[in-house]
Amino acid sequence: LGPIRPVRSVVNSFPSPLTMASPSEPTVPASYCSSLQTDLTTHVGAAPRAVVHASEWAKVIAGEPVEINPSIGHGFKVMTVDEYTALWKRNDDFPDCLACGGMNTKEHHFVQTWCRGLRRWESETLCLDCHMFSWRSYADPDFATPEEHEKALWESMLIEQAEKNRVEGRA
């Protein structure tokens with residue numbers, strides 16, 4: 001392998017909803033949190049809203065042993081908040097705590113879904129200063145999962161067929 005070279009920008013001939021580029025602009029990957037069409041949904045709480053770490057967080061706060069991350073070892077250990085969150089990363093897009101405004105936060109939950117150029121995402125961070133969780137989520141107004149989209153198509157076809165049968169007297 002040779003040296004790594006930067007990739008040149010390519011001009012699209014068609015606009016792409018995934019890159020948010022017009023035909024005359026260079027292709028720039030869209031960020032999950034750019035060009036938002038509605039407001040974010042936010043929540044602040046002492047317990048995580050995401051299920052992923054809820055039971056373990058209660059144990060950490062109560063001083064009970066929690067399962068050690070398999071990448072570090074095995075078994076159970078009584079951990080401090082700093083030990084428990086050591087492998088969590090900072091979310092540079094939303095670094096502030098919604099409770100105290102502090103910038104000492106780490107993200108423990110992030111999920112994003114892109115479908116037909118629309119997106120839905122959720123993020124939850126823990127403030128290491130006040131130990132409060134900040135939840136942020138967003139969905140484009142017309143976002144639908146593939147299952148929801150297919151269901152809507154089938155339902156519209158059924159309604160259309162029922163109307164056609166009613167007009168033809170076959171209802």
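**The largest pocket and beyond**

Mentor: Let's start with the largest pocket, which has a volume of about 380 Å³. A pocket here is an open set of points on a 1 Å grid over the protein atoms alone, with protein on both sides within 12 Å along at least five of seven lines; its volume is the space filled by probe spheres set on the points. The model is predicted, so local features need pLDDT of at least 70 and side-chain atom pairs pLDDT 80 or more, while totals for chains, interfaces and linings use all residues. Residues are numbered from 1 along each chain as its sequence is written, and side-chain values use heavy atoms, with hydrogens and water left out.

Fourteen residues line the pocket, and Glu 67, Ile 68, Asn 69, Met 79 and Tyr 84 lie nearest its centre; a lining residue has an atom within 4 Å of a point. By class, eight of the lining residues are nonpolar, two are polar and four are charged.

Ile 68, Met 79 and Tyr 84 lead us on, as they also belong to the largest nonpolar core, with 11 residues. Helices (H or I, at least four residues) and strands (E, at least two) are DSSP runs numbered from the N terminus.

Contact means heavy atoms within 4.5 Å.

How do these pieces sit in the protein chain? The chain has three helices and six strands, and from the N terminus on the order is β-α-β-β-α-β-β-β-α. Of its 171 residues, 27% count as buried.

Now step over to strand β5 (residues 118-127), where Ser 123 is found. Ser 123 counts as buried because its relative accessibility is 2%. Its side chain makes a polar contact of 2.5 Å with the side chain of Glu 107; that term means a pair of N or O atoms within 3.5 Å, one able to donate a hydrogen and the other to accept it. Beyond four places in sequence, Ser 123 touches several residues, including Asn 91, His 109, Phe 110 and Trp 135.

Phe 110 belongs to strand β4 (residues 105-115). With a relative accessibility of 32%, Phe 110 counts as partly exposed. Besides Ser 123, Phe 110 is in contact with Tyr 32 and Glu 122, its neighbours within four places aside.

Between β4 and β5 is a loop that holds Arg 116, a residue with a positive phi of about 50° although it is not a glycine. Arg 116 is partly exposed because its relative accessibility is 44%. Arg 116 is also in contact with Thr 145, which sits in the loop between β6 (133-139) and α3 (146-167). Thr 145 counts as buried, at 14% relative accessibility.

A last stop is the loop between β5 and β6, the place of His 131. His 131 also has a positive phi, of about 60°, without being a glycine.

How values were computed
Core = buried A, V, L, I, M, F, W, Y, C linked by side-chain atoms within 4.5 Å. Buried < 20%, exposed > 50% of the residue type's maximum accessible area, 1.4 Å probe, protein only. 1 Å grid on protein atoms, 1.4 Å probe; cavity = no way out; pocket = protein on both sides within 12 Å on 5 of 7 lines; lining within 4 Å. Nonpolar A, V, L, I, M, F, W, Y, C, P; charged D, E, K, R; others polar.
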